[in-house]
Amino acid sequence: MSTPYRINGSRDRVERAGSGAGGSDGGGLVVLVVDDEEPGITTTRDMLNGNSRVGKVLTAFDAAEALRLLRQDNPDLAGRPSDAPLVDAVFIDVAMPGLTGMDLARVLFSFENAPALVFITAHGENALEAFDLGAIDYVMKPASPERMERALRKVQRISTPLEGSSGDRSALNAGSTGAALEPAGQDDHSVIPVELGGTTRLVQRSQVRWVEAQGDYARLHTDEGSHLVRIPLAQLEEKWADAGFVRIHRSYLVSLNLINELRMSSSGYSVLIAGGQYRETRELPVSRRHTRELKDRLVRSPRPPRE
């Protein structure tokens, strides 16, 4: 049974879970949960305590308390290896009074040994910013034990690298957005949250055939339909460029390796986008300002494999 502790009279608490596998201290992962709401802390803490990978759970009700807890002289963090972070991971909510979760993340990634950062929140619109900061996962509330297990596997991969491997901790220490995501081969922008009837679904970038601008929003077109997300097309263009998405028009961003044909007619250029399992081939216009770049990408650049 877990034993609660108080630190300097604050509401910070430490609960010791069962002996888990992995973790930098050899007794299971040490995890800090930061949430300004008691139900959020309780639910996340209980799921973590129930996972065999976790050895110790610490909690804080805001960013200031979290930073007070993450100190070298904290007796509950004694015995950690000198080259390890004070905790293996921080599970953090986005919306908090004072310093937000995003603000706290920026502070944590300035640490010499940064912990792995997992956002656990009801706000799906902050996912891209979170991955930009270097988060390794973005868990939507209410989270299930199975979803928490997936997040902890990512934490453990970083905290306990395979023999002969340097792991991904160095990427976190640099504040990199290249922290390992699951499954292997994904990067930080390979999924995007979309709202569907009050629930949040994560759409894989590999499912997207093209993206259409709709004001400050973007519509993702997949084999199964389309999804409207509150992200400007220019932002997706920047974040997905390395994955083979190219701007062909002020209103369209397309997956380069799905372009079957570049056509020229009296009205200008257009591209044919390969049809998916449930979709026919689609023709989209190419503006004059994007034609030269598109031709160069098609002729000279190898097309990346679909994820």
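User: Is R247 buried or exposed?
Analyst: R247 is buried, at a relative accessible area of 14%. Buried means under 20% relative accessible area, exposed means over 50%, and partly exposed is in between (1.4 Å probe, protein chains only). This is a predicted model, where local features need pLDDT of at least 70 and side-chain atom pairs count only at pLDDT 80 or more, while totals for chains, interfaces and linings use all residues. Residues are numbered from 1 along each chain as its sequence is written, and side-chain values use heavy atoms, with hydrogens and water left out.

User: Which side chain meets R247 in a salt bridge?
Analyst: That of E237, at 2.7 Å, N to O. A salt bridge here is a side-chain nitrogen of Lys or Arg within 4 Å of a carboxyl oxygen of Asp or Glu. The pair links distant parts of the chain, with R247 in strand β13 (residues 245–249) and E237 in helix α7 (residues 233–239), ten residues apart. Helices (H or I, at least four residues) and strands (E, at least two) are DSSP runs, numbered from the N terminus. E237 is partly exposed, at 27% relative accessibility.

User: Where does D93 lie?
Analyst: In the loop between β5 and α3. D93 is buried, with a relative accessible area of 6%.

User: What does UniProt list for D93?
Analyst: An unreviewed UniProt entry lists D93 as "modified residue: 4-aspartylphosphate". UniProt positions are given in the numbering used here and feature names are shortened; annotations may be inferred rather than shown by experiment.

User: Back to salt bridges. How many does the structure hold?
Analyst: The structure holds 14. One of them joins the side chains of R209 and D223 at 3.9 Å, N to O. R209 sits in strand β10 (residues 208–214) and D223 in the loop between β11 (217–222) and β12 (225–229), so the pair ties together parts 14 residues apart in sequence. R209 is buried at 3% relative accessibility, whereas D223 is partly exposed at 25%.

User: New topic. Which residues touch the most other members of the largest nonpolar core?
Analyst: L32 and F119, in a core of 32 residues. A nonpolar core is a set of buried Ala, Val, Leu, Ile, Met, Phe, Trp, Tyr and Cys residues joined through side-chain atoms within 4.5 Å. Apart from that core lies another, of 20 residues, including V31 and F91.
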